[in-house]
Amino acid sequence: MTEKALRLGTRRSKLAMAQSGQVADAVSQVTGRPVELVEITTYGDTSREHLAQIGGTGVFVAALRDALLRGEVDFAVHSLKDLPTAQHEGLVVAAIPEREDPRDVVVARDARKLTDLPRGARIGTGAPRRMAQLNAYARTHGMEIETVPIRGNVDTRIGYVRSGELDAVVLAAAGLNRVGRVDEVTDFLSVDTVLPAPGQGALAIECRAGHTAQDAALIAALAELDDPFTRAAVTAERSLLAALEAGCSAPVGALADLLADGQTVKEMRLRGVVGTTDGSTLVQLSTTGPVPQTHEAALALGRELATEMLAQGAAGLMGERAH
């Protein structure tokens with residue numbers, strides 16, 4: 001008798017289906033069980049409002065979590081940057097697989113790079129974080145750009161460039177990689193130019209917090225897909241975000257990366273940025289320390305940097321946060 005298929009809850013977007021499909025294959029290998037995708041429509045998918053208006057983080061996650069808690073699916077796959085920073089009671093992130101490319105990329109007309117864009121170029125992005133850093137970069141490099149808020153899936157966003165409505169759009173490299181469209185990228189943005197969203201490029205595999213033998217067995221099996229370095233990095237990034245009390249509406253960028261000496265990983269560097277969307281003020285700091293060996297150490301790294309950023313005036317830049 002074949003074992004019952006595991007049910008993976010996923011959003012319906014092309015990107016979500018692509019990344020869930022990749023996780024399904026990996027889970028099938030470690031559990032020896034077939035995995036079926038269960039498509040769930042979330043409020044974030046159906047609403048045309050800007051993300052900041054509909055409650056920022058969590059709008060893509062709530063319906064998947066509800067399905068998990070009701071037992072309609074066995075586990076769910078989220079883009080980690082969509083997950084609220086607070087831990088959800090009753091659920092556990094069983095695995096954070098190795099991270100994809102965390103960088104942001106430009107898709108521009110005429111194969112242009114950011115620095116080649118014409119004066120007054122219109123650049124589309126839905127993220128205040130990207131707007132803040134792009135505008136700051138333009139200010140310091142004598143460029144004139146206009147950032148234009150957009151929403152929609154990859155097709156919609158790139159469509160604005162193809163139709164000539166925008167000169168360029170900024171997207172996450174990871175998403176384009178996962179849907180096989182990375183060849184459309186005209187410029188990979190250095191993290192020195194634009195720091196990504198905390199957790200960008202990483203996935204979270206979430207399931208119920210082990211109240212039954214089946215749940216416990218699934219958590220143990222999924223743990224094989226966990227990448228400890230990715231987990232430490234994104235834990236530090238998300239801890240920084242939580243300490244800055246920044247939902248999606250506040251422009252926070254963060255990236256933890258590993259500093260290696262030859263083959264040996266020596267240290268972790270955490271960089272954070274917060275700014276006003278017009279790019280007139282940015283607080284950007286970094287800290288370097290031993291690679292966190294525990295969840296608590298990774299949390300502490302993020303909190304420490306956030307404290308320094310707040311001392312440098314980050315709190316005053318959080319004006320647009322909805323209370």
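The model is a predicted one, in which local features need pLDDT of at least 70 and side-chain atom pairs count only at pLDDT 80 or more, while totals for chains, interfaces and linings use all residues. Residues are numbered from 1 along each chain as its sequence is written, and side-chain values use heavy atoms, with hydrogens and water left out.

Helix H8 spans residues 228–243 and helix H9 residues 295–311; their axes come within 7 Å and cross at roughly 40°. Axes here are lines fitted to C-alpha atoms, for helices over the stretch in contact, with angles from 0 to 180 degrees between N-to-C directions. H8 and H9 are therefore oblique to each other, the class left after under 35 degrees (roughly parallel), over 145 (roughly antiparallel) and 65 to 115 (roughly perpendicular). Contact, meaning heavy atoms within 4.5 Å, involves Ala232, Thr235, Ala236, Ser239, Leu240 and Ala243 on the H8 side; their counterparts in H9 include His295, Leu299, Arg303 and Met309.

Elsewhere, five strands form an open sheet of mixed pairing, in the order S7-S6-S8-S5-S9. Helices (H or I, at least four residues) and strands (E, at least two) are DSSP runs numbered from the N terminus, and two strands pair if DSSP finds at least two bridges between them. Strands S7 (145–149) and S9 (187–188) stand at the edges with a single partner strand each, so one side of each has no neighbour in the sheet.

Strand S8 (residues 168–172) runs parallel to S6 (residues 121–125), to which two bridges join it. Ile123 has Ala168 in S8 as its bridge partner, and Gly124 has Val169. With S5, S8 pairs in the antiparallel sense over five bridges; here Ala108 is partnered by Ala168.

Five of the five residues of S8 are buried, so the strand is largely enclosed by the rest of the structure; buried means under 20% relative accessible area, exposed over 50%, and partly exposed in between, with a 1.4 Å probe and protein chains only. Both faces of S8 are covered, with Ala168, Val170 and Ala172 on one side and Val169 and Leu171 on the other. Helix H5 (residues 154–162) lies across S5 and S8, running at about 155° to S8.
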